[in-house]
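Thanks for passing this one along. Here are my notes on the charged side chains, as numbered points.

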Amino acid sequence: MKISQYDRVMLKDGRTATIVEMLEEDTAYIADVDLPGSDWDTVDITQDDIEKKLK
């Protein structure tokens with residue numbers, strides 16, 4: 001699947017995230033993972049961590 005900067009994605013563990021930076025096209029990203037309330041956690045993820053792209 002093609003992921004672009006600022007795409008919303010569902011991770012395989014059920015969390016949702018926004019891609020904020022592309023580290024390696026189609027393989028590694030920095031994402032802001034949604035936390036309860038208005039907080040988020042910035043993490044490194046790979047293509048293998050992504051379940052699907054959200055609309």
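1. Where is the place of Arg 15? Arg 15 sits in the loop between E1 and strand E2 (16–24); strands (E, at least two residues) are DSSP runs, numbered from the N terminus.

2. A word on the basis before going further. This is a predicted model, in which local features need pLDDT of at least 70 and side-chain atom pairs count only at pLDDT 80 or more, while totals for chains, interfaces and linings use all residues. Residues are numbered from 1 along each chain as its sequence is written, and side-chain values use heavy atoms, with hydrogens and water left out.

3. Arg 15 forms a salt bridge with Asp 13 at 2.8 Å, N to O; the term stands for a side-chain nitrogen of Lys or Arg within 4 Å of a carboxyl oxygen of Asp or Glu. Arg 15 is partly exposed, with a relative accessible area of 35%, whereas Asp 13 counts as exposed at 51%. The cut-offs here are under 20% relative accessible area for buried, over 50% for exposed, and partly exposed in between (1.4 Å probe, protein chains only).

4. What else does Arg 15 touch, not counting residues up to four places away in sequence? The partners are Val 9, Met 10 and Val 33, with contact meaning heavy atoms within 4.5 Å.

5. How many salt bridges does the rule give? The count comes to three. As background, side chains of opposite charge can pair when their charged atoms come close.

6. Another of these joins Arg 8 and Asp 34, again through their side chains, at 2.8 Å from N to O. This pair links distant parts of the chain, with Arg 8 in strand E1 and Asp 34 in strand E3 (residues 28–34), 26 residues apart. Both ends are partly exposed: Arg 8 at 30% relative accessibility and Asp 34 at 32%.

7. Please also look at Lys 53 and Asp 7, whose side chains meet in a salt bridge of 3.4 Å, N to O. Lys 53 lies in strand E5 (residues 50–53) and Asp 7 in the segment before strand E1 (8–11), so this pair ties together parts that are 46 residues apart in sequence. Is each end buried or partly exposed? Asp 7 counts as buried, at 15% relative accessibility, while Lys 53 is partly exposed, with a relative accessible area of 40%.

Conventions. Helix = DSSP H or I, 4+ residues; strand = E, 2+ residues; numbered from the N terminus.
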